Amino acid sequence: MYRYLGELLTRGAGGLLAPAADSALPVSASLLRHRGYSQAADRGDDPNFFTMVEGFFDRGAAIVEDKLVEDLKTRETPEQKRKKVRGILRVIKPCNHVLSVSFPIRRDSGEWEVIEGYRAQHSQHRTPCKGGIRYSTEVSMDEVKALASLMTYKCAIVDVPFGGAKAGVKINTKNYTDAELEKITRRFTIELAKKGFIGPGIDVPAPDMSTGEREMSWIADTFASTMGHYDINAYACVTGKPISQGGIHGRISATGRGVFHGIENFINDASYMSQIGMCPGFKDKTFVIQGFGNVGLHTMRYLHRFGAKCVGIAEMDGSIWNPNGMDPKELEDYKMANGTIVGFPDSTPYEGNILEADCDILIPAASEKQLTKSNAHRIKAKIIAEGANGPTTPEADRIFLERNILVIPDMYLNAGGVTVSYFEWLKNLNHVSYGRLTFKYERDSNYHLLMSVQESLEKKFGKHGGSIPVVPTSEFQARIAGASEKDIVHSGLAYTMERSARQIMQTANKYQLGLDLRTAAYVNAIEKIFKVYSDSGLILT
């Protein structure tokens, strides 16, 4: 971090943020001047992922800089205030720490292999750091740095008090046995622990691509049995665990459910729908999903439940199509039995790029940089809901704005996972499940309420024809026993996504950003993170 900050200071202010003269431009002109698309994308529109995220950050920082200077209530001169604002923005932007490890494992065949892994901690403005661990041959240092920075902004948007982090192990899980994967996971955990990159109050990983409850359970057990042996909160070192290991109900579906709530908040907003020429609500809307993993499956399930129709799905080995819609449960069962969605009876193979298929809502839920300037002009959807991290390049983002397509950005839309991870982390620190202390009291109170109403009616009207039954509605009957842990998690997630959507909408209106929700989300995140740094001050500077 210190080397990088030194480089930034050497370059001067002009290299990172717009000069003060530019900031004085009217909003519409400054937007065009400060978009930063050319800085974030190269000519081939295949930008470095971390550079891409930094470009989006610069765009938001340029827009919000004047407001941050104006809001500083100090006795400093305007020039000193601007220097302070730009200095803090420079602190926010880079990745603070990156750990690169290599370690050997002995495979079942007796051969030895060296495994590469990375963990990036983008920001410690809030602790612990938070971010998933993915297993993929595409893992690189730049990728984990980019994903870690997205996690920082994502946590800020949904008001989860974590800094951003991310980890990756460079393997293809299909090439290893379960025993070998356990060796790799446990050894990687030890490597993280030795360098202070894991711990309940330091850095808390979670599942990501090709990892799940099983791997998180191995991580928790390894940490609790070694470095965290004397720590009563040791199992809070990781989230996404099985229920038996301190996990929380609703975590598996959290990201997909969050995607659904994110779309819901914008598709039910009449003002945004009128801007893109659509009617509010899910009824009769069609959608296409790229990637039928955990996020894609649960997103499809909730959208289907609320009246939308899935007409197409793409996976690495093929795409399927049905203009009349597909049932998520039947498709899930088919994939479970056959290991693929290809050949699903209620569909036909889709020839061509399904991202360009005719639909109302497009949900890229696979990997980054899927929507580029080469296909952005052919996208037919009016809403692009980014279930994956970084699926849209800056050049494609510009084209979508020109075409009046609403892009709901990844850093907000897929924040359901980290939101429910936060709930799990709190559960682990409190050492009690949600609802356990109040469940019976709430149930008894609800029954007493019904009895009180019945007695009041009988006193008023008498009991000439017998008792006056008070029958609860079906909705109240479903809640009469009190809120379960799953109920509390689902309610907390829905509230978080709704509140965050309103904040993004307000920011977009405040800075006259129109449909540019990505910039609004970055501005929203930058304002919150800046406030933390500004109020706490910087030590040893």
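How many residues lie between S7 and S8 in their hairpin? I looked, and 2 residues sit between them.

**Ground rules**

I am reading a predicted model, where local features need pLDDT of at least 70, side-chain atom pairs count only at pLDDT 80 or more, and totals for chains, interfaces and linings use all residues. Residues are numbered from 1 along each chain as its sequence is written, and side-chain values use heavy atoms, with hydrogens and water left out.

I take helices (H or I, at least four residues) and strands (E, at least two) as DSSP runs, numbered from the N terminus. I call two strands paired if DSSP finds at least two bridges between them. Buried means under 20% relative accessible area, exposed over 50%, and partly exposed in between (1.4 Å probe, protein chains only).

**Entry 1: around S7**

I started with strand S7, residues 309–315. I found 5 of its 7 residues buried, so the rest of the structure largely encloses S7. S7 runs parallel to strand S6 (residues 286–290), with 5 bridges between them. In that pairing, Phe287 stands opposite Cys310 of S7. From S6 the chain passes through helix H12 (residues 294–305) to reach S7, a right-handed β-α-β crossover. Right-handed means that, with the strands pointing away from the viewer, the path from the first strand over the helix to the second runs clockwise.

Next I checked strand S8 (residues 318–321), which is antiparallel to S7 and joined to it by 4 bridges. Here Ala314 stands opposite Ser319 of S8.

**Entry 2: cysteines**

A disulfide is a covalent bond between the sulfur atoms of two cysteines. The test is a pair of cysteine sulfur atoms within 2.5 Å. I found 0 disulfides in the structure. Cys279 is in none, and its nearest cysteine sulfur, in Cys359, is 17 Å away.

**Entry 3: around S4**

In S4, I saw Gly163, Ala165, Ala167 and Val169 point one way. Gly164, Lys166 and Gly168 point the other way, and all are buried.

I then looked up the partners of S4. Strand S2 (residues 112–121) is antiparallel to S4, with 5 bridges. Tyr118 has Gly168 of S4 as its bridge partner. Strand S3 (residues 129–135) runs parallel to S4, also over 5 bridges. Tyr135 stands opposite Val169 of S4. Together, S3, helix H7 (residues 141–157) and S4 make a right-handed β-α-β unit.

In helix H14 (residues 394–402), the buried residues are Pro394, Glu395, Ala396, Asp397, Ile399 and Phe400. Just after H14, I noted Asn404 with a positive phi of about 65°.

Phe461 belongs to helix H17 (residues 439–461). Phe461 counts as exposed, at 56% relative accessibility.
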